[in-house]
Amino acid sequence: MYDLIIIGAGPAGITASVYAARKKMNFLLITKDIGGQAAWSGDVENYTGYQFISGADLTAKFEEHMKAYDIKLNDNEEVTDIKKESGIIRVKTKKGVYDAKALIIASGKKSRELGIPGEKEFKNKGITYCATCDGPLFSGRDVAVIGGGNAGLDAVMQLIKIARLVYLIEVAPYLSGDDILQTRMKESEKVTVLTDARVTAVLGDNFVTGIKIKVKNEERILHVEGVFVEIGLIPNSEFARGIEKRESGEIKVNSYNETSVPGIFAAGDVTDVPEKQIIIASGEGAKATLSAFRYLTRQK
Ligand SMILES: Cc1cc2nc3c(=O)[nH]c(=O)nc-3n(C[C@H](O)[C@H](O)[C@H](O)COP(=O)(O)OP(=O)(O)OC[C@H]3O[C@@H](n4cnc5c(N)ncnc54)[C@H](O)[C@@H]3O)c2cc1C
């Protein structure tokens, strides 16, 4: 029986773990990976203390900080269910069952899919959801990024350095990503921006050879070998049954990171706290552990 289980090792879960270790709590960290979305970020320029750092380097710093403490870490393990019964919180994973008196859910978000013909067929055969992870595979090729928000612009900025041509496709009439990124992107002659454009199918044989798009009402085929899907994220909260959520799947929390179930806390992108950023997720992770600590002290 643990005092606390933390689910997820992105910025929120890692920070929650550092705080729990410093409080000398008896806790277990269960996660599918280390770094979460922070590890997918290209350039991070808004984490205080680092004017510029890559997502990979920031993740390495987080991991180094966490591993300076003696933390019980179950990596590569996916939580599938949680349940609170008779005051005990039971966490089920694909590998085992663990009990705790308190829980912090810091399971973040995952990429939204396009849901169009060809997407499933060509997943990892030209279709990817992570420019940082897969961008280097498309050196000298023509690629398309779907989505004109910050994640899409971040992907374009990374791909400018790698690909031959980059198409940025946005369904709305304008891009919604930060102005500073849009300005930098427009400095590159490699980028063609298509707004009011909807991707309707992914084409290929063994690998992607193109995409079908509808620009305004005109159908076109773009011959690209890589498709980077950046159309938003959905919360990893399916396993959190019995906890109040928003329609989007985000877990409802108050300013103490308490969920609707006493003893179960949540932090970071998986929650309905506005603004999804590394520094915000980290701060929320810290707050969640302090709230869990207070909750456990009161229980005693
Ligand atoms: C491309 C991109 C670029 C970005 N750039 C920036 C930037 O420049 N600056 C900035 O501040 N923010 C940026 N962000 C946003 C930032 O990365 C997130 O806000 C932040 O990582 C959220 O942290 P988190 O810990 O809440 O969740 P996540 O980072 O999503 O981490 C969730 C963790 O939970 C684990 N997990 C998920 N489900 C389960 C499960 N069922 N069982 C066990 N473990 C599970 C995951 O493996 C992961 O370790 C970017 C995001 C993206 C996608």
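Reader: Where does Asn124 lie?

Author: This is a predicted model. Asn124 lies in the loop between E9 and E10.

Reader: What is the phi of Asn124 near?

Author: Start with the general idea. Most residues other than glycine have a negative phi. Now the case here. Asn124 is not a glycine, and its phi is positive, near 65°.

Reader: Is Asn124 buried or exposed?

Author: Count neighbours. Asn124 has 10 C-beta neighbours inside 10 Å, so it counts as exposed.

Reader: Which phi does Lys24 have?

Author: Lys24 has a positive phi of about 55°, although it is not a glycine. Find Lys24 in the loop between helix H1 (11-22) and strand E2 (27-34). Lys24 is exposed, because 10 other C-beta atoms lie within 10 Å.

Reader: How do I read the packing of two helices?

Author: Two packed helices are described by the angle between their axes and the distance between the axes. Take H1 and helix H2 (residues 55-67). Their axes are 9 Å apart, and the packing angle is about 25°. Angles under 35 degrees count as roughly parallel. H1 and H2 are therefore roughly parallel to each other. Their crossing is left-handed.

Reader: Which residues make the contact of H1 and H2?

Author: H1 supplies Pro11, Ile14, Ser17 and Val18. H2 supplies Phe62, His65 and Met66. By class, the contact of H1 with H2 has five nonpolar, two polar and no charged residues.

Reader: At what angle do H1 and helix H6 pack?

Author: The angle between H1 and helix H6 (residues 278-299) is about 35°, with their axes 7 Å apart. The crossing of H1 and H6 is right-handed.

Reader: Which residues of H1 and H6 meet?

Author: On the H1 side they are Pro11, Ala12, Gly13, Thr15, Ala16, Tyr19 and Ala20. In H6 they include Ile278, Ala281, Ser282, Glu284 and Gly285. Ala286, Ala288, Thr289 and Leu290 of H6 are also part of this contact. Sorted by class, the contact of H1 with H6 has 10 nonpolar, five polar and one charged residues. Look at Pro11 again.

Reader: How do H4 and H5 cross?

Author: Use the angle and the distance once more. The axes of helix H4 (residues 150-160) and helix H5 (residues 179-186) come within 10 Å. They cross at roughly 30°. That makes H4 roughly parallel to H5. H4 passes H5 in a left-handed crossing.

Reader: What makes the contact of H4 and H5?

Author: From H4 come Asn150, Leu153, Val156 and Met157. From H5 come Leu181, Gln182, Arg184 and Met185. The class count for H4 with H5 is five nonpolar, two polar and one charged residues.

Reader: Which domains is the protein divided into?

Author: Domain 1 covers 2-110 + 233-299, and domain 2 covers 113-229. Their centres, taken over C-alpha atoms, are separated by 31 Å. The contact takes four residues from domain 1 and seven residues from domain 2. On domain 1, the side that touches domain 2 has one nonpolar, three polar and no charged residues.

Reader: Where is Glu113 found?

Author: Look in the loop between strand E9 (109-111) and strand E10 (127-128). The C-alpha atoms of Glu113 and Gly232 are separated by 8.5 Å, with the two residues 119 residues apart along the chain. Not counting residues up to four places away in sequence, Glu113 touches Glu119 and Val229. Glu113 is partly exposed, because it has 14 other C-beta atoms within 10 Å.

Reader: Is Gly108 buried or exposed?

Author: A residue is buried if 20 or more other C-beta atoms lie within 10 Å of its own. Gly108 has 28 C-beta neighbours inside 10 Å, so it counts as buried. Find Gly108 in the loop between strand E8 (97-105) and E9.

Reader: Which residues does Gly108 touch?

Author: Leave out residues up to four places away in sequence. Gly108 then touches Gly8, Gly10, Gly36, Gln37, Asn236, Gly268, Asp269 and Val270. Now compare a pair along the chain. Gly108 and Lys95 are 13 residues apart along the chain, and their C-alpha atoms are separated by 21 Å.

Methods:
Residues are numbered from 1 along each chain as its sequence is written. This is a predicted model: local features need pLDDT of at least 70, side-chain atom pairs count only at pLDDT 80 or more; totals for chains, interfaces and linings use all residues. Axes are lines fitted to C-alpha atoms, for helices over the stretch in contact, and angles run from 0 to 180 degrees between N-to-C directions. Helices (H or I, at least four residues) and strands (E, at least two) are DSSP runs, numbered from the N terminus. Angles under 35 degrees count as roughly parallel, over 145 as roughly antiparallel, 65 to 115 as roughly perpendicular and the rest as oblique. A crossing is left-handed if the near helix is turned anticlockwise from the far one by less than a right angle, and right-handed if clockwise. Two residues are in contact if their C-beta atoms, placed from the backbone, lie within 7 Å. Ala, Val, Leu, Ile, Met, Phe, Trp, Tyr, Cys and Pro count as nonpolar, Asp, Glu, Lys and Arg as charged, and the others, Gly among them, as polar. Domain bounds come from an automatic or database domain assignment. A residue is buried if 20 or more other C-beta atoms lie within 10 Å of its own, exposed if 12 or fewer, and partly exposed in between; C-beta atoms are placed from the backbone.
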